[in-house]
Amino acid sequence: MKHIPSLATILIIGLSNVSSAFAVDPCEMGTVWSGGKLITTDDRQDLDNGFNYELWKNGKGGKMTVYGGDADCAFKAEWNNSNDYVARCGLFWGKEIENTPSYKDLDGDIHAEFSFTKTGKAYNYSFIGVYGWSKDPLVEFYISEDTYNSIDAPWNTEKIGSAEIDGAIYNFYKGTMLNNPSIFDDKKQFVQIFSIRQTKRQCGHISVSEHFKAWEKLGVKTGPLYDCKIVVETGGDIGSVDFHYATMWIGDENGPFEKEERAPFKDTIAIPGIVEAEDYDKGGFNVAYYDTDRKNEGEVYRNDGVDIVETPDGYAVGYSKTNEWLEYTINVDETDDYKVEAMMANGNAAPKISLIFDGKDTCLLTGKSVKNDWDTYSLAAGKVSLTEGPHTMRLLFNNNYTNIDYLKFTSWNLSSISNEIASNYDVIYDDKTIKVVSSDDVKQVRLISTTGMTILSENGNVLNIENANTGVYIVSAVTSNGMLNKKVNIVK
């Protein structure tokens with residue numbers, strides 16, 4: 001099984017390929033672990049596999065065995081008339097608040113999976129599931145999957161709502177603790193929030209971040225995290241819980257997102273040329289892109305938090321929100337003024353983006369909207385002055401739900417005609433010919449490379465491309481009503 005990295009390096013990790021090591025059914029995991037580290041006194045330590053364990057008990061009777069290694073955060077909890085017994089293992093950030101992430105700041109969602117057997121009793125109360133602390137505000141949180149007791153309201157709480165998560169109903173309870181111990185010795189008052197699963201289970205997948213989101217909707221906000229761990233907490237009696245399988249990660253339901261160094265996604269992009277929106281740099285969240293929901297809504301092309309959708313000719317970036325951004329490493333061939341054209345769509349309002357080069361605002365582009373239509377793209381044109389050499393270009397979304405296919409840069413002196421896509425315009429092509437279909441009179445068809453060079457040109461609406469190589473091109477049609485452009489991918 002693949003392990004997450006040390007929590008010292010997981011505070012802000014980049015999005016990349018997702019491991020499939022977690023594509024298992026937790027309820028089929030029946031490993032019986034042996035050996036491990038026995039803990040009999042209150043203790044908290046890092047394990048050598050990136051997880052952290054803690055044992056705390058109010059009373060003498062109780063111990064914990066942490067299996068470590070390939071067992072991830074699996075452990076055995078054993079209690080013997082402890083007044084309060086807590087054993088937990090999972091993700092740990094510590095008490096420092098500065099530069100510590102909240103659940104929203106993580107590069108992915110928190111997930112947990114588990115399978116266990118249990119013996120004995122827990123007289124007063126018991127929680128088996130996920131547990132942790134938020135530091136500012138100070139919040140103690142529980143996600144209870146199973147219990148020896150009833151699934152009624154925890155002591156000193158009131159029900160504030162319910163929701164379906166992971167296929168089951170959870171009731172949410174909130175309470176305030178006064179003069180009670182917390183992770184900070186000088187702080188005795190804090191909020192408790194509980195998610196209590198209404199159908200008990202001893203194995204399964206927990207979408208932990210979904211609980212944070214549900215609590216927030218009910219007015220319980222959390223901040224920088226202290227820890228978030230698989231837990232067994234009991235009060236009184238004698239019993240044990242032995243995990244055959246227990247693991248946690250930050251990513252999506254399939255596994256952790258792995259760290260990725262900042263670098264061009266493919267080769268460095270040359271200007272003049274075409275910048276495909278989906279080819280933003282590697283590097284991950286808050287490094288090469290910023291996306292508010294950490295999920296690829298289109299679920300294609302790249303496996304990170306940017307929302308990529310399919311188009312008839314490839315891919316585009318969609319589902320955008322105001323102030324989201326993408327960054328690209330580009331290389332400008334020569335100092336010049338460039339015409340930049342953005343192929344965009346927005347069914348709500350005119351699509352708007354800004355281009356920021358090396359941290360300086362450079363160009364605002366505003367396109368055309370077709371109401372309730374995100375499939376009709378049109379070109380919005382602007383002008384930028386760029387110097388020869390490498391640059392970082394940030395594409396900033398200025399409104400919600402703008403889709404962008406690509407940006408095209410050509411020398412301003414070579415491109416003075418305003419181009420736009422019309423709904424009555426289509427390109428039909430194979431590996432031999434291109435045919436432009438338009439209600440306007442098509443006078444000429446050109447095949448243009450991504451560097452802006454005209455490769456082939458013929459009068460009329462049909463272009464012979466038998467001599468063109470495999471690649472991405474722009475078909476430019478000169479019509480009686482202006483010029484029309486469309487990207488094509490020619491495969492020989």
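Predicted model: local features only at pLDDT ≥ 70, side-chain atom pairs only at ≥ 80, totals over all residues.

Me: Why is the contact between Asp279 and Lys266 called a salt bridge?
Reply: A salt bridge needs a Lys or Arg side-chain nitrogen within 4 Å of a carboxyl oxygen of Asp or Glu. Between Asp279 and Lys266 the N to O distance is 3.7 Å, so the pair qualifies. The two residues are 13 apart in the chain: Asp279 lies in the loop between S18 and S19, and Lys266 in the loop between S16 and S17.

Me: What makes Asp281 and Arg262 a salt bridge?
Reply: Their closest N and O atoms are 2.9 Å apart. The limit is 4 Å, so this pair counts as well. Here Asp281 sits in the loop between strand S18 (273–276) and strand S19 (289–290), while Arg262 sits in the loop between strand S16 (255–256) and strand S17 (269–271), and 19 residues separate them.

Me: Why do Asp281 and Arg262 get the labels they have for accessibility?
Reply: Asp281 has 2% relative accessibility; buried means under 20%, so Asp281 is buried. Arg262 has 33%, which falls between the cut-offs of 20% and 50%, so Arg262 is partly exposed.

Me: How do you know that Lys443 and Asp441 form a salt bridge, and how accessible are they?
Reply: Their side chains meet at 3.6 Å, N to O, and the cut-off is 4 Å, so the name applies. Lys443 has a relative accessible area of 45% and Asp441 has 46%.

Me: How many salt bridges does the structure hold, and which residues are linked in a network?
Reply: There are 19 salt bridges. Glu54, Arg88, Asp227 and Lys229 are linked in a network of them.

Me: What does the whole protein look like in terms of secondary structure and burial?
Reply: It comes to one helix and 35 strands. Of its 492 residues, 55% are buried. The C-alpha trace spans about 90 × 40 × 40 Å along its principal axes.

Key. Residues numbered from 1 in each chain as written. Heavy atoms only, no water. Helix = DSSP H or I, 4+ residues; strand = E, 2+ residues; numbered from the N terminus. Buried < 20%, exposed > 50% of the residue type's maximum accessible area, 1.4 Å probe, protein only.
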